[in-house]
Structure formats: structure tokens, C-alpha cells
Amino acid sequence: MKSQQTAKFIIHGLNPLGGEIEVYGSKNTAIKIIAASVLIPGQVILNNVPDILDVQKMISILEKMGGIFSRQDHQLTLDLTDLRPIDPDPDLVRQMRASIVLVGPLLARFGKVSIPHPGGCLIGPRPIDRHLKAFRDLGAEIIENQHNCQFKFSQSPQAKKVIFNKISVTASENVIIFAAFQKQKTIIENAAIEPEVIDLIEFLKLAGAKIQVLGRRIEILGTQQLKPLNYKIIPDRIEAATFAIMAAASRGNLNIKHLNPDHLTSLLSKFQAMGIKFEKGKDFLYIKNSPKILATNIFTAEYPGFPTDIQSPMGLLLTQAEGKSRLKENIFENRLGYLLELQKMGAKIKIINSKEAIIFGPTPLHGAKINSLDLRAGATLIIGGLIAKGKTEILQAENIDRGYEKIEERLKKIGARIERVLI
Ligand code: EPU
């Protein structure tokens, strides 16, 4: 994945979808495990690493600091032994909010780090106060100015406890990575326990840290001698869910391979309530053509609740469900923008406020020229285009490339009529 040229997708809808599609590795684990590898001397081999823009950005940041990377298909080999104690490139950091997870490993390894202040984004203001409070609890000095945040330790961190008043995925991960390098025990209360967090923990345990997850309490006994390892990243549950919803919305019969159905429990219980038929095995999910889909209510929550990252594809599916559905986004401030794009396609939606909407269905959609506002919204509009009558044009395709590898090539193999056009 090299170019980041602006592109759009052109989709001709109502082609039947079916066959088999494979889920690739988790974006939100790959980025954190690459960041955590800062603490490991020697060669780390990661398997099932998706070739997507966000992973490429994390690699570019660390390459600029002296990291060595080579990729063969989905296997990434990295050696961060000779990383220089310089700050990550602020221009690259600004391009990806997830680069905040470099604070934990760089602070642990070099005792100081400075990153640009992350700005807001389309799905909400996304401040970093939970990260700042956690590192202050651990004894870090933090100097914030208009442009950046400088973190440093004047003396070595002591045994510490971090209590999150509100859960944050990347703030929990930042502390876990930092703590995996500390000789004293760190305890985190009210931590995020998303499958991606647990996968990061498994990686750090295999590298030599002792970590126990007791509900939302995580106890970490780290070591400064983390060992090189070979690790396979979990399948991307959000990509898996996107394909499952795509199959259900298009009334296809689709076998989705290489996923972990245990990570999709909240989605599958909704499918059951909606009358969507499926079969699941150890690592597959087969979605069956279900002509009648029933309305339901969706309220997003931290894992194991209904994931915010699946809220937008689900909102699209609800336009095809019989009856009135209520949708409530409880994690992000402003993640319903895609509903305006779906309205341009004919969807009947009453937007109550920036977090709540009522969706009426079933409504046939028609093609339109629409904007992929962010990654998940973009994937949702692709599903919209696939089930709409006529031609749909989705601008800002590169938002989708952040998290879905070669999406058009993979969808063509299951019957989609989708083309990427460079602009
Ligand atoms: N928040 C604060 N202060 C903080 C941190 C977060 O107010 O210091 C707020 C956020 O603004 C948001 C809520 O808390 O409203 C939850 O944010 P969290 O920190 O849990 O989200 P994140 O760590 O920034 C990760 C994923 C997101 C996913 C969320 C929730 C990565 C790189 N990103 O973000 O994934 O939606 O957790 O599960 O892991 C995506 O993949 O498209 C994506 C946005």
C-alpha cells in the first residue's frame, strides 16, 4: 500500500453477492503491537498484518526514527533495536490519531517523548485527557502547550495504580505497553477489555511480561528484558462484521472465513433478533439469504457491548429492516454524519441529535454521489451502493483504505460491481 492518491469508488448496485471472503488481520491490534515492539530488542515477526494505510503510517513514523521493516504479503518483520531517541515526526503523527499509542513505549524506553497535540476529527473532538491523567498517575511530568505535549520522567517510575474514571481503548493500551517495561507492578482499574486490548496483552505476555486480566482490572509486572517473538495478529472483528452486514443487507449467501465468532457475539445476537439466518464455526460465519429482516434498537457501548465501529454499517442495515429502529451512539460525539449521506440515497431517517436517530424501513435505496466521511462511514456507504438501484459514487475512497485492504478487489470476487477511479 504505497500511494495515497485521492480516489473515488463507482458502484453499480443490485448485483447479487455471494461466495467466500476472507477476513484479514486486525487494524487496531496491528498498530498497537508494532508500537509495543519499540520495547523489544531484536527481530519481531508479525503475521496477519493487514496492508492498510494506518499500518503504513505507523511503520513510516518508526522508520524515520531508525526502525527497519520488511513485508512479505501479510508477514511484517521489524527490528527497532537501533531506534534513535528522537521525537516522532509531528506531520506523520498528526495524520493518524492512533499514533498516541507511541507515547507509552517511547516514554518507557527513552524516558521522554513529545508529540503534537492531536486535533479534533470528524467523529468527535477526541481529547487525550485520559492518557494525560494516566501518565501523571504514573509519575510523568507533562508540559502541554498550544502545539505539543511533552512527557518525561525525572526519576524512575514507581509501583503505581491507574484508575480510569471513563474507559478508553488507546489510553488503556498506552499504559499496558508502558507498564510491560517496568520492573514494579502496575495496576489498571476500569481498563478497556476489547479483543484488540487482549491481543496486545497476549503479545506482551509472550514477550515476557506477566499480565493478569481480572474483569476490568489489569495487573502488569513488566521486565526490561522483553524477548523477540513471532506473533499472529487476531482477525479484524470490524472487517468481519462489515462483511456480515453487507451479506445480510444484500440478501446474499456469503461464507466469511478466518474470523473469530466469539468476538462478534453482540452483533450475532442482534442478527438473531432481526431474523437474519447464519451458521458459525470455529473460524467462519456463513450468512444466509434472509428475505425478511426485522427492526431493532442499537445502543453502542464498550466491549462486550455493541461496538461503535459497527454502528454505521448497522444503521445502513436498519434501513432494510421492517419497522422502526432506534439508533444511539454512546461512545463518540459525532458519529452519525453518514446518515445524511444515506438520506441522499433515499433512506428514511429522523436524526434526533448528533447521537440519536430513528430509522424507518424497509426502504429501497437509489444511487447518489456521496462522501465517505471517515473509515467506518465509508465502508457503510459501499454497502449502501451495493444494494442501491443504479450508480453510486463515493468520494474520498482513501478514508476506506485506512482500514480495509484492497477492498474493491476483494468485493469484486464476491460479485460486486465496484471500480476505483483516481482523481
Ligand atoms: N476520550 C476522551 N479522552 C481521552 C480519550 C478518549 O474524552 O483521553 C473519549 C473519546 O473522544 C471518545 C471516547 O472517549 O468519545 C472513547 O474513546 P477511546 O479512547 O476508547 O477510543 P480510541 O482509543 O481513540 C479506539 C479505536 C477506535 C474505536 C474506539 C472505541 C484505535 C486506533 N481506535 O479509539 O477505532 O472506535 O477505540 O472502541 O484502536 C476505527 O477503527 O475506525 C476507530 C475509530
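Lys412 is partly exposed because its relative accessible area is 36%; partly exposed is the range between buried, under 20% relative accessible area, and exposed, over 50% (1.4 Å probe, protein chains only). This is a predicted model, in which local features need pLDDT of at least 70 and side-chain atom pairs count only at pLDDT 80 or more, while totals for chains, interfaces and linings use all residues. Residues are numbered from 1 along each chain as its sequence is written, and side-chain values use heavy atoms, with hydrogens and water left out.

**Salt bridges**

- The structure has 25 salt bridges, each defined as a side-chain nitrogen of Lys or Arg within 4 Å of a carboxyl oxygen of Asp or Glu.
- Lys412 pairs with Glu419 in one of these salt bridges, with 3.3 Å between the closest N and O atoms. Glu419 is partly exposed at 42% relative accessibility.
- Glu20 and Lys257 form another salt bridge, their closest N and O atoms being 3.2 Å apart. Because Glu20 lies in strand S2 (residues 18–22) and Lys257 in strand S14 (residues 253–257), the pair ties together parts that are 237 residues apart in sequence.
- Glu20 is partly exposed at 47% relative accessibility, and Lys257 is partly exposed at 27%.
- A salt bridge between Arg217 and Glu189 has its closest N and O atoms 2.6 Å apart. Arg217 belongs to strand S12 (residues 217–221) and Glu189 to strand S10 (residues 185–189), so this pair ties together parts that are 28 residues apart in sequence.
- Arg217 has a relative accessible area of 26% and is partly exposed.
- Arg217 and Glu189 are also members of a network of salt bridges that links them with Lys161, Lys185 and Glu219.
- Strands (E, at least two residues) and helices (H or I, at least four) are DSSP runs, numbered from the N terminus.

**Ligand surroundings**

- The ligand is surrounded by 20 residues, of which Lys32, Arg130, Ser168, Thr170 and Asp309 are the closest.
- Helices H1 (27–36), H5 (129–137), H6 (169–179) and H12 (375–387) each supply at least two residues of the shell.
- A polar backbone atom of Pro127 lies 3.2 Å from an oxygen atom of the ligand.
- On its own the ligand has 830 Å² of accessible area, and the protein covers 89% of that. Accessible areas come from the Shrake-Rupley method with a 1.4 Å probe.

- Ser266 is part of helix H9 (residues 265–274) and counts as buried because its relative accessibility is 18%.
- Leaving aside residues up to four places away in sequence, Ser266 touches Pro304, Gly305, Phe306 and Pro307, where contact means heavy atoms within 4.5 Å.
- A polar side-chain atom of Ser266 is 3.5 Å from the backbone oxygen of Gly305.
- Helix H10 (residues 311–318) is largely enclosed by the rest of the structure because eight of its eight residues are buried. Among them are Gln311, Ser312, Met314 and Leu318.

Methods
A polar contact is a pair of N or O atoms within 3.5 Å; within protein, one must be able to donate a hydrogen and the other to accept it, and residues adjacent in sequence count only if both atoms are side-chain atoms. A residue is near a molecule or strand if one of its heavy atoms lies within 4 Å of it.
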